[in-house]
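User: I would like to learn how to read charged pairs and helices in a protein model. Could you take me through them step by step?

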Amino acid sequence: MPKIKGDPQVKFNLTTTKGPIAYIVLFYNYRNKQVRTSTGQKCNPAFWDATRQRLRLDKRHPENTATNNALDKIATIVRDIYNETNKGADIAAEAFKKEIAYRMGWEDRPTSDKIAEKSALPSLFDFVENALLPEKMANPRGTWKVLKTGFNLLKQYAEERRAGRLDYSDIDYTFFADFKAWLYAAPRKHTVNYAAKVIDVLKQFMRDAQRRGYHGKTDYQNFSIKRVKTTKFALTFEELEALYRLDLSNNPRLEKVRDLFLIGAYTGLRFSDFTRIRPEHIERENGHEIITLTTQKTGEKVSIPLMPIPAALLKKYDFYTPKISNQKMNAYLKELAQAAGMDGKMIVTNTQGGRRREESAEKWEMLTTHVARRSFATNFYRAGFSAANLMKITGHATERQFMQYIAIDGKMNALDLAEEMREKTLRRIG
């Protein structure tokens with residue numbers, strides 16, 4: 001629809017659906033950000049005109065006309081509220097949504113006919129639940145999930161320690177110390193690095209609320225939990241090739257898991273991506289095959305050269321990767337590692353309940369779906385490929401993040417240096 005000057009740019013779209021019914025979602029600009037909310041309307045997506053953002057009319061389906069009328073009414077109401085509240089400047093985002101519901105008759109107005117919420121500021125939980133999280137739903141799925149999990153922990157903490165109350169004014173250094181202790185305490189016993197991630201989520205909540213003028217607290221800006229280095233496990237090219245040569249013809253279950261793991265280890269894709277490869281993701285150009293897909297977690301489009309081992313494995317399945325749950329695959333990978341003779345013990349460094357500890361673990365116990373992705377990054381970096389090129393596949397934002405991710409410890413680094421020094425010495429002698 002055409003942009004109108006001074007208009008909140010009302011738009012409608014359909015939710016993703018595989019069936020004959022889709023729900024219609026309203027989008028509008030609020031303080032230079034796009035807000036999403038439900039319209040309460042649903043339709044058959046076959047009738048949806050994406051250009052007009054309305055349903056095509058059909059005599060056999062008079063309900064389409066009623067739906068279009070409802071969308072017209074919603075659009076008018078959004079523009080009215082926008083203009084009545086100084087182009088949205090005098091109303092909070094969640095109050096804007098409430099006013100739409102009142103004027104559409106979806107909810108009963110509690111007191112007056114005026115916009116009572118204009119001067120009322122939302123509480124921390126109201127702001128996150130009714131404004132921030134719905135706004136972030138348009139972001140990559142993984143990001144929203146992290147925010148939602150952090151929010152659920154805050155609510156659980158508030159119920160257990162604060163009689164259900166936790167607002168902007170409560171977010172001080174005393175709270176920080178108590179919340180951190182609660183994250184580490186049983187039955188949670190979260191790791192230091194996980195607790196650091198939760199604190200980062202809380203800081204984002206407070207920062208976004210402060211930008212909207214909902215509070216003036218600053219203590220949260222200095223909340224920090226120093227992350228600790230934990231053991232990172234990866235398989236070498238030699239170990240991956242040994243897995244590839246392993247005869248599993250008598251065990252189709254482990255064979256499928258092995259094949260999926262190797263596809264991940266030679267593409268660097270996450271489990272959620274390497275388990276949904278289809279023929280249309282394979283492009284052929286200048287004699288090369290390339291996997292190109294949009295990642296589920298970040299929404300980024302990545303292109304990866306298809307190497308011989310994953311190419312042979314994908315061909316085996318007609319370029320449709322087998323389906324299995326992450327939980328089951330992780331369980332079967334332990335069995336696969338034992339069948340492949342991944343024996344020997346490792347010293348594993350991690351944290352639990354805020355305490356750093358070292359313990360002994362069998363190597364086969366360490367094999368998970370994520371080891372495939374870490375093996376890709378580690379092996380190809382050791383092989384001489386630049387971090388910048390590999391980051392385009394792994395999605396790390398900085399080289400520092402990438403270097404923290406890969407599994408190169410001091411011993412491995414020393415071996416790489418020893419090999420390079422020997423080659424240089426032999427060249428000088430020769």
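Analyst: Start with a network of salt bridges: E255, R258, D259 and K316 are linked in one. A salt bridge here is a side-chain nitrogen of Lys or Arg within 4 Å of a carboxyl oxygen of Asp or Glu. This is a predicted model, where local features need pLDDT of at least 70, side-chain atom pairs count only at pLDDT 80 or more, and totals for chains, interfaces and linings use all residues. Residues are numbered from 1 along each chain as its sequence is written, and side-chain values use heavy atoms, with hydrogens and water left out.

User: What is the general idea, and how many salt bridges does the rule give?

Analyst: Side chains of opposite charge can pair when their charged atoms come close. In this model, the count comes to 18 salt bridges.

User: Which residue pairs with R253, and which helices hold the two?

Analyst: R253 forms a salt bridge with E335, with the closest N and O atoms 3.0 Å apart. R253 sits in helix α8 (residues 252-265) and E335 in helix α11 (residues 326-339). They are 82 residues apart, so the pair links distant parts of the chain. Helices (H or I, at least four residues) and strands (E, at least two) are DSSP runs, numbered from the N terminus.

User: Are R253 and E335 buried, partly exposed or exposed?

Analyst: First, the scale. Buried means under 20% relative accessible area, exposed means over 50%, and partly exposed lies in between (1.4 Å probe, protein chains only). R253 has 31%, so R253 is partly exposed. E335 has 33%, so E335 is partly exposed.

User: Which residue does R161 meet in a salt bridge?

Analyst: R161 meets D178, at 2.6 Å from N to O. This pair too links distant parts of the chain: R161 is in helix α4 (residues 141-161), D178 in helix α5 (residues 173-184), 17 residues apart. R161 is partly exposed at 39% relative accessibility. D178 is partly exposed at 26%.

User: What about E289 and R284?

Analyst: Their side chains meet in a salt bridge, 2.9 Å from N to O. E289 counts as partly exposed because its relative accessibility is 25%. R284 has 55%, so R284 is exposed.

User: How do I check the span of helix α8?

Analyst: The expected span is 1.5 Å times one less than the number of residues. The 14 residues of α8 should span 20 Å, and its end C-alpha atoms are 20 Å apart, which agrees.

User: Is α8 mostly covered or mostly open?

Analyst: Mostly covered: eleven of its 14 residues are buried. Among them are L254, V257, F261 and I263. The buried residues of α8 pack against α7 (237-245), α9 (271-274), α10 (308-316), α11 and α12 (369-382). Contact means heavy atoms within 4.5 Å.

User: Which residues of α11 are buried, and what covers them?

Analyst: M329, N330, L333, L336 and A337 are buried in α11. Their cover includes α7, α8, α9 and α12. An α-helix has 3.6 residues a turn, so residues three or four places apart point the same way. After α11 comes G341, with a positive phi near 75 degrees.

User: Where is H190, and what does H190 touch?

Analyst: H190 lies in the loop between α5 and α6 (192-211). At 18% relative accessibility, H190 counts as buried. Not counting residues up to four places away in sequence, H190 touches L153, L183, Y184, Q352, G353 and G354.
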